[in-house]
Structures are given as C-alpha cells and as structure tokens.
Amino acid sequence: MVHLSWYLTVSAMLFCIGMFGFLTRRNIIMMLLCIELMLNSVNLNLAAMSHYMEDIRGQVLVFFIIAVAAAEAAIGLGIVVTLFRNYHSVHTEDITKLKG
Amino acid sequence: MVTGFSLPIIAPLGPEIFLAVIGCAVILADIIWKEQRYVVPVVSMAGAAAALIMVTKASGISFNGMYTVDAFSAFFKIVCLLGLMFAILMSLRHLDIMGVQRVGEYYSLMIFSCVGMMIMASATDLIVLYLGLELMALSVYCLVGLLKTDPRASEAAVKYLLLGAFSSCLLLFGMSYLYGTTGTTDMAAISKAMAAGKLTANPAFMMGLGLVVIAFCFKVAAAPFHMWTPDAYEGAMTPVTAYMSVGPKAAGFAALGRVLMEAFPNAHSEWVTAMIILAFLTMAIGNITALCQTSIKRMLAYSSIAHAGYALIGFLPGTAEGASATMNYLFMYLFMNMGAFAVIILLQYKCLVGEALEDYKGLAKTHPVAAGLMLVFMFSLTGIPPTAGFIGKFNIFMAALHAGYTWIVIFAVLFSAISAYFYLRVVMLMYMYEPEREMEIAPSGALSAVLAIALTGVILLGCYPNGILSYASKAIMGH
C-alpha cells in the first residue's frame with residue numbers, strides 16, 4: 001500500500017516545481033502552465049488526504065478546483081491573446097508600459 | 001437504508017441568486033435592445049438596488065452550515081452592493097468616452113463579481129469561500145482587460161491574473177493542509193478540531209494557516225503582496241479601478257475576518273505577530289511609495305494599499321471592537337474613495353486627460369466645484385476632521401490601543417501624517433497654481449449623483465458617526 005506521506009511528498013514537490021517555474025519563467029504561457037501544475041499538486045494532495053481519511057469533502061473540492069482551473073485557463077489565455085495582439089510578444093520583459 | 005433527500009433552504013441566498021439572474025438578464029437585454037444604450041445600466045442599477053433591499057431582510061444558515069447569512073455578512077454585502085451601484089453610475093458616460101461597444105458584458109461582469117463578493121462574505125466553509133473568491137476574481141480580471149485594443153489594459157489584466165492565480169494556488173495549498181490536519185473544511189469545525197488536537201504545535205497546520213493568510217493578503221493588497229495593485233489600478237478603466245479599490249477589498253477583509261475570528265480564534269497569539277508586521281509593512285510601503293507618484297490613479301492605488309494597512313490594524317485585537325472598527329472604516333472608505341475616483345472620471349473628457357497629477361494644476365480656477373469636491377475627499381482620505389476618514393481611523397486606533405497594541409498605532413499615526421503630503425499635494429496643485437491649459441469636464445446626471453452621495457456620506461459619517469458605529473457593533477454582536 002502506498003502510504004499517505006508519499007503522495008504528500010510528490011504533491012509538495014510538484015507544488016515547488018510549479019512555484020519555482022512561475023517565479024523564474026519569463027514566458028506568460030509557461031507561467032500559466034506552472035499555475036496549472038500548482039493547482040494539480042493541490043488536487044493530488046486533497047484526493048490523497050480525502051482517501052486516507054475516508055471523507056468525501058476533499059474530493060468534492062477537487063472537482064471544483066478542476067472546473068475553476070479550466071475557467072481560469074480560458075480567461076488567462078484570452079487575456080494573453082489580447083496581450084499578444086497589442087505587444088506582439090508574450091514575454092514579461094517586453095511588456096512594460098505600466099511602471100512607477 | 002435510504003434516507004429522505006431534501007433540498008437545502010435557499011431563502012438566505014435570495015439576494016445572490018437574484019443578482020446572478022440579473023447578471024444573465026443584462027446580457028440578454030444588451031442583445032435585445034441593441035440601440036438603447038441605457039436599458040442595460042438601468043436594469044443593472046435596479047437589480048443592484050433590489051438586491052440591496054433583499055440583503056437587509058435575508059438571514060439564516062443554509063447548505064449544512066456552509067453558508068451563513070448574518071449581520072456581519074450583511075454589512076459587507078451592503079458595502080459591496082453600494083460599491084457596485086456607484087460603479088454603475090460612474091460608468092454610464094465613461095464607457096461612451098472610452099468607446100466601449102458592447103456594454104452588456106461590462107455590466108454583467110460587474111454584477112457577477114459582486115455576487116462572488118457576497119458569497120465570500122457569507123462563506124463559513126473553505127470550499128464556498130474559494131468558489132466565491134474565484135467568481136469575484138475571474139470577473140474582475142476580465143473587467144480590467146475589457147479594452148482589448150488598449151495595451152495598458154491587457155498588461156494590467158495579465159499582471160493581475162498571474163498574481164491572482166498564483167495567490168489562489170497558495171490559498172488552495174494552505175486549505176489542503178488545513179483539511180488534512182483537521183479533517184474538515186467547515187470553519188467552526190476547524191476551530192473545534194484545533195482546540196481539541198492542540199494543532200498550533202503541528203507545523204503542517206501552521207503552514208496551512210500561513211498560506212491562507214498570505215493568499216488573503218494578496219487579495220486585499222497588503223504589502224509585501226501588493227505588487228499587482230498599482231499596475232492593475234492604472235491600466236483598468238477608472239470606474240473599474242474605483243470598483244476594485246472598494247468591492248474586492250471589502251470582500252477580502254470579510255473573508256479574512258471570518259477566517260481569523262471563526263476558524264482560528266485559538267491561534268490568535270500565533271497570527272497576531274504576523275499581522276502586526278504585515279500591517280506595518282503595508283502602511284509603510286503604501287504611504288512612502290505614494291509620495292513619488294506622478295499619476296493620480298497610481299497614487300490612489302498606493303493610498304489604497306496604505307488604507308488596507310490601517311484596516312488590518314482593526315483585526316489585531318481579535319475583539320468585537322476591533323472588527324467593527326475595520327468594518328466602519330471600509331464603509332467610510334467606500335464613500336471617500338468613490339468620491340475621489342468620481343472626480344477623476346469627471347475630468348476624463350478625453351481618454352487619458354485627468355490621470356496625471358499635472359492635470360490638476362489650477363483646477364480651482366477653471367472648475368471650482370470639482371476642485372472643492374476633490375478637496376473634501378482628499379481631506380477625508382488624509383483623515384482630517386470633520387470628515388469620515390478621521391472617525392474611521394480614530395476608531396481603529398482606539399480599538400488597537402484598548403487591546404494594548406500601542407506601537408503599531410504610533411506608527412500608523414506617523415504614516416498617516418506622511419500621507420498628508422501626497423493627498424494635500426493634489427489640493428495644492430489645484431489651488432495654488434495657475435491653470436496650464438483649458439480643461440473640459442464630462443459631467444452627467446449619474447456622475448453628479450455619485451458625487452453628491454459620496455460628499456453627503458463623507459460629511460454625515462464624519463459629523464454624526466453614531467448610527468453606523470452602532471450598526472457595525474451590532475453586526476458583530478449578532479455574529
């Protein structure tokens with residue numbers, strides 16, 4: 001049997017990889033992918049805990065997170081499309097009209 | 001054995017459901033009455049007003065204790081709905097000036113984000129809290145990026161979206177650990193499990209608590225998690241900025257207050273140190289960075305960060321007095337901030353005019369009424385009596401002093417003295433300089449109504465604050 005702590009370790013590693021990627025990548029699409037990675041690490045966490053505790057709430061939250069993540073990705077990519085039309089780039093270093 | 005299945009009682013959710021229906025109806029109305037541009041705002045406004053009346057009547061607990069409609073949530077819902085109504089009134093003329101074609105999606109996004117805020121204010125379960133938060137946030141990302149051809153708007157939207165989504169991930173990761181250590185997502189049950197299991201010694205639980213608090217600090221724009229605020233505020237259309245500075249912030253404080261006071265009252269000694277540091281940093285960064293801004297929207301963005309710092313102080317004592325002081329403060333902030341943004345919109349006759357501080361030079365000579373109104377709102381934001389801003393700050397500082405947090409109050413007063421420099425600089429530019437160019441203004445009936453209500457609110461709340469003060473403390477006691 002796979003112990004709970006193994007799942008938690010994998011999920012914590014995934015979350016850290018996602019966070020590291022989000023903070024170091026300069027391509028907005030890669031940053032959005034890193035956010036998906038972090039969200040899925042949470043899903044793994046919740047599903048494992050839910051199974052371990054024999055409680056359904058965690059799995060319910062997983063479904064909600066999947067749905068919201070899809071909406072977030074749709075809106076995020078939509079905004080990236082408008083951004084690309086205006087700047088012809090999706091790299092954060094090219095997008096610097098607002099500062100102060 | 002199969003037990004009877006009964007639908008949850010949805011009566012307490014009346015205002016939210018009604019407003020969501022209005023949000024959909026607005027899109028339809030926009031398609032049906034393409035030519036009449038005033039149908040959509042009138043429907044939205046009427047819907048918001050009706051929801052406001054319903055909020056004052058609704059009460060109860062629904063969905064197995066996941067959704068609580070009490071006086072505490074009603075107070076924040078009123079703030080959010082008033083913010084929505086102000087924003088709708090401000091948008092009427094401004095959307096024409098900015099050349100927005102489809103107004104249906106604009107108003108409907110505003111309404112949906114307000115529904116999200118109301119859900120956040122009532123959520124007593126982490127799942128509901130997350131859903132309300134995302135409904136609010138996703139709608140506001142779209143609102144910020146609504147001007148698709150404006151590079152500044154898409155830049156603001158993408159920055160807001162990335163950091164908002166990042167903070168949601170932190171929130172969820174924190175929640176997953178809270179769930180794992182307590183076995184529940186219900187706030188009251190988390191509090192019980194904490195007391196029973198002495199969970200403050202459990203590092204996994206404390207990490208969960210820390211991540212949840214950090215995520216809410218992102219949402220209320222507390223330093224050092226405020227980086228998105230100035231860009232998002234500057235790039236968005238001014239009515240959206242005004243709305244963002246009041247609605248999502250109030251909802252964030254409602255959720256933060258609920259989480260801290262309902263789920264983690266037993267960990268008060270653990271979170272209070274972090275909150276003191278956050279409040280201090282927020283006031284320091286907000287007030288000091290605002291000093292060197294040249295755009296008034298950016299200046300007000302940093303000012304809203306600073307005000308989040310003052311509002312956080314109210315939560316420090318963990319008492320009813322402190323929480324009701326924060327609630328009052330947010331209510332008063334609604335009027336003064338909406339008023340200040342309404343003056344900016346008044347000056348935005350042509351797209352970007354009125355955004356730079358330079359544009360305010362000599363305004364008192366060309367448009368004395370607009371300058372006079374701005375003067376009152378700037379005094380109120382500084383916290384000069386007899387305006388609402390003074391009463392709000394005074395109550396927060398008194399509550400913190402009663403609980404013994406003397407040092408943070410001393411710093412808050414110092415920072416508020418620093419803030420006088422940048423608020424009164426606007427007044428100085430308006431009254432002590434000669435006008436450099438002809439300024440046209442874009443008055444409209446709706447905008448005048450906003451200005452009149454905001455002015456009345458600022459003065460009345462400043463002179464006769466007892467009504468609102470007792471209402472907020474009742475809201476806490478009933479809670």
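**Entry: the model and its conventions**

I note that this is a predicted model, in which local features need pLDDT of at least 70 and side-chain atom pairs count only at pLDDT 80 or more, while totals for chains, interfaces and linings use all residues. Residues are numbered from 1 along each chain as its sequence is written, and chains are lettered from A and ligands numbered from 1 in the order in which they are written. I recorded an ipTM of 0.96 and a pTM of 0.93 for the model. Helices (H or I, at least four residues) are DSSP runs, numbered from the N terminus.

**Entry: the contact between chains A and B**

I found 36 residues of chain B in contact with 34 residues of chain A; contact requires C-beta atoms, placed from the backbone, within 7 Å. On the chain B side, the elements giving two or more residues are helix H5 (126-144), helix H6 (151-182) and helix H9 (228-235). H6(B) supplies the largest share of that side, 17 residues. By class, I read 18 nonpolar, 11 polar and 7 charged residues there. Ala, Val, Leu, Ile, Met, Phe, Trp, Tyr, Cys and Pro count as nonpolar, Asp, Glu, Lys and Arg as charged, and the others, Gly among them, as polar.

**Entry: H3(A)**

I checked the length of helix H3 (residues 57-87) of chain A: its 31 residues reach 44 Å from first C-alpha to last, close to the 45 Å expected at 1.5 Å a residue. The expected span is 1.5 Å times one less than the number of residues. Its buried residues include A:Leu61, A:Ile65, A:Glu72 and A:Leu83. A residue is buried if 20 or more other C-beta atoms lie within 10 Å of its own, exposed if 12 or fewer, and partly exposed in between. What covers the buried residues of H3(A) includes helix H2 (28-53) of chain A and, from chain B, H5 and H6. After H3(A) comes A:His88, with a positive phi near 55°.

**Entry: H3(B) against H10(B)**

How do H3(B) and H10(B) run, roughly parallel or roughly antiparallel? I found that the axes of H3 (residues 71-98) and H10 (residues 238-263) of chain B come within 9 Å and cross at roughly 175°. They are therefore roughly antiparallel, a term for angles over 145 degrees. Axes are lines fitted to C-alpha atoms over the stretch in contact, with angles from 0 to 180 degrees between N-to-C directions. The contact residues divide into 13 nonpolar, 6 polar and no charged.

**Entry: two residues of chain B**

Is B:Phe86 buried or exposed? This residue of H3(B) counts as buried, with 28 C-beta neighbours inside 10 Å. Leaving aside neighbours within four places in sequence, I found B:Phe86 in contact with B:Met338 and B:Val450.

I then turned to B:Ser470, in H19(B), which is exposed, with 11 other C-beta atoms within 10 Å. B:Ser470 and B:Ser324 are 146 residues apart in sequence and 9.0 Å apart in space, C-alpha to C-alpha.

Technical notes:
Two residues are in contact if their C-beta atoms, placed from the backbone, lie within 7 Å. Angles under 35 degrees count as roughly parallel, over 145 as roughly antiparallel, 65 to 115 as roughly perpendicular and the rest as oblique.
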